[in-house]
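Thank you all for coming, and please look at the sequence and the model while I talk. I will go from the whole chain to its parts, and then to single residues.

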Amino acid sequence: MQLVLSLFPGIGLLDRAFEEEGFCVVRGPDLLWGGNIKRFFPPPDKFNGVIGGSPCQRWSSLAGVIKAVHGEDALAEDLIPEFERVVTEAQPHWFLME
C-alpha cells in the first residue's frame, strides 16, 4: 500500500479518489480546518507520493472581480511555493499538483 500526503485537502475529493484506488492518504493542514501549511514540515522519505493543489483564488477567473470590489489584499496569497517546499522536504517518489 502506498502512503500519500495530501496538501490543501479542502473537503477531500481528490483524497477520496486516491483512497478508492487503495492508497492510504494522510491529510496535511488546510485553512478550511484551521491548519497552516507554513508551520507544516513533513518527514523525508515517508510518503510515496504527494497530492493536492494550492488554493487557486488568485488565479481564478473571478480574481479581477474580487480585486475590483475588495482590493488586492482580499485575494488569497500564492501558496504554490509552499506546495513546492513540502514536496522537496517530503522527498516522495512522485507528486501530483492539480
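Predicted model: local features only at pLDDT ≥ 70, side-chain atom pairs only at ≥ 80, totals over all residues.

Among contacts in the protein chain between residues at least 6 apart in sequence, what percentage join residues at least 24 apart? The answer is 61%, where contact means heavy atoms within 4.5 Å.

Residues are numbered from 1 along each chain as its sequence is written, and side-chain values use heavy atoms, with hydrogens and water left out.

Let me begin with the overall layout. The protein chain has three helices and four strands, which follow one another along the sequence as β-α-β-β-α-α-β; helices here are DSSP runs of H or I with at least four residues, strands are runs of E with at least two, and both are numbered from the N terminus. The C-alpha atoms fill a box of roughly 50 × 25 × 20 Å along the principal axes. The accessible surface comes to about 6,200 Å², with 58% of it belonging to carbon and sulfur atoms, as computed by the Shrake-Rupley method with a 1.4 Å probe, and for residues only the protein chains shown count as cover. Of the 98 residues, 35% count as buried, and by buried I mean under 20% relative accessible area, with exposed being over 50% and partly exposed in between, for a 1.4 Å probe and protein chains only.

Now to the strands. Strand 1 and strand 2, the latter covering residues 24–27, run parallel and are joined by four bridges; two strands pair if DSSP finds at least two bridges between them. Within helix 1 sits Asp15, which counts as buried at 1% relative accessibility. Leaving aside neighbours within four places in sequence, Asp15 is in contact with Ser6, Pro9, Val25, Arg27 and Ile51.

What makes up the largest nonpolar core? It has eleven residues, namely Leu5, Leu7, Phe8, Ile37, Phe47, Val50, Leu79, Phe83, Val86, Val87 and Ala90; such a core is a set of buried Ala, Val, Leu, Ile, Met, Phe, Trp, Tyr and Cys residues joined through side-chain atoms within 4.5 Å. Strand 1 (3–7) and helix 3 (80–90) each supply at least two residues of this core, and helix 3 gives the most, with four. As general background, nonpolar side chains in soluble globular proteins tend to be buried together.

Not counting residues up to four places away in sequence, Leu7 touches Ile37, Phe40, Val50, Ile51, Gly52, Gly53, Phe83 and Val86. Phe8, with neighbours within four places again left aside, has among its contacts Pro29, Asp30, Ile37, Leu79 and Phe83.

In helix 3 the buried residues are Glu82, Phe83, Arg85, Val86, Val87 and Ala90, and their cover includes strand 1, strand 3 (49–52) and strand 4. Helix 3 is followed by Gln91, whose phi is positive, near 50°.

Finally, the aromatic residues. The structure holds four aromatic pairs, a pair being rings of Phe, Tyr or Trp (its six-membered ring) whose centres lie within 6.5 Å, with planes under 30 degrees apart counted as stacked, over 60 as edge-to-face and the rest as tilted. The rings of Phe18 and Trp94 have their centres 6.0 Å apart and their planes at 15°, so this pair is stacked. Phe18 in helix 1 (residues 13–20) and Trp94 in strand 4 (residues 94–97) are 76 residues apart, and the pair links these distant parts of the chain. Phe18 is buried at 16% relative accessibility, whereas Trp94 is partly exposed at 26%. Phe83 and Phe95 form an edge-to-face pair, at 6.4 Å centre to centre and 65° between the planes. Phe83 is buried, with a relative accessible area of 2%, whereas Phe95 is exposed, at 51%.
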